[in-house]
Amino acid sequence: MQPRFQGHPIQHQTGIARRRPCRRIAVLTLLFSLIVGGGAALSRESSEQPETGLRFFAVGDAPYGNAEYAPFERLLQEAAEQDPPFIVHVGDIKGGGEPCTEARNRRIAVLFQAQPVPVLYTPGDNEWTDCHRQSAGGLDPLERLAALRARFFADPEVLHNAALELQVPDPAYPENAYTLKDGVMLVLLHVVGSDNNHRSKNSAAMAEWRQRSEANRSLLREATEVAQQSQARAMVLLFHANPLFERSPASPGFAPFMADLEVLLSSYSGPVLAVHGDTHRFQFNQPLLRKRSTAKGAERLWRLEVPGSPFLGGVWVSLTSDPAEPFAISVVYPSAAEAFTSFAPDIGSHRELRNHREGWPQHDERASVR
């Protein structure tokens, strides 16, 4: 069955702006939202379902460019005011064409550290995998990955999530972790866009991909065993990439993860929610059913993709008591007036918007936005 969700009109979600948007902006908002495929400009309400226990806020693929920073900061501020146990960022803290600088990493690290609640952050491809691009500085991705780990994970005060008692199975992968919260197993996996750094003509990239794939596998195996033994009511997987669930066979870079996911579904008997970003369009569905997969437990997998730049937004995720629809979501966008006027002074953001609009996939089997 197709999942139902609570959608909200863009113009009055976060209360970020109080101005009434002009008609032209409202029309652009509607058109872009329809292009991105999330349906957020058209409200769709689900039947009321009792929420039980865990409720958190998830964002990703933002902020891209300086123009998005202030609206994104206020989005996090208003989410934190609702006192969630944590906020999730599923990666891509900068645009793919923006330079991979320490200044950019430091600015986002300071923003995360300033949050009054813990931040669960998993890296995206723009932070390191794609830094070899000339527009991003022509840098060594592995050096940028090491810098990313040093900036965000070496100092526990940056993400300040010690209270969540994260378990990190492999110190070499400090971003890979799991924890049991309110009876829900949360798993942070390092799976990124750009085919997960699978570059067959680059031996260093391939070695990194193989080692990280094995670390992800070990993490999932351990977290699944704990979830099953503790009778966790659900598992939530947090990672960056859209692994193109509906694609068959799986893309080479995502093949290990998709195989691991099948093992998880056969080993764990509860519902599983995969929360990711990467292709910049809000969606909530059961991808393996759409694929008509025969994998055991396919009907227990749900996928949530958070909105991404240039559509600053986030999603509230709640657990329900309904076994048929175990996850309730509510998508939140800043007002159209602020979202679009914020691009005006920043030419780079206009360019980023144009590039992503040209690259948006028409269906799930297209390559992900880089």
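This is a predicted model: local features need pLDDT of at least 70, side-chain atom pairs count only at pLDDT 80 or more; totals for chains, interfaces and linings use all residues.

A: Let's start with the word itself: a disulfide is a pair of cysteine sulfur atoms within 2.5 Å. Residues are numbered from 1 along each chain as its sequence is written, and side-chain values use heavy atoms, with hydrogens and water left out.

So, who are the partners? They're C100 and C131, with their sulfur atoms 2.1 Å apart. Look along the S-S bond and you'll find a torsion of about -95 degrees, so this disulfide is left-handed. C100 sits in the loop between β2 (87–89) and α3 (102–113), and C131 in the loop between β3 (119–121) and α4 (141–152), so the pair ties together parts 31 residues apart in sequence. (Those labels are DSSP runs numbered from the N terminus: helices are H or I with at least four residues, strands are E with at least two.)

Are the two cysteines buried or exposed? Buried means under 20% relative accessible area, exposed over 50%, and partly exposed in between, using a 1.4 Å probe and protein chains only. C100 has a relative accessible area of 6%, so it counts as buried. C131 is buried too, at 0%.
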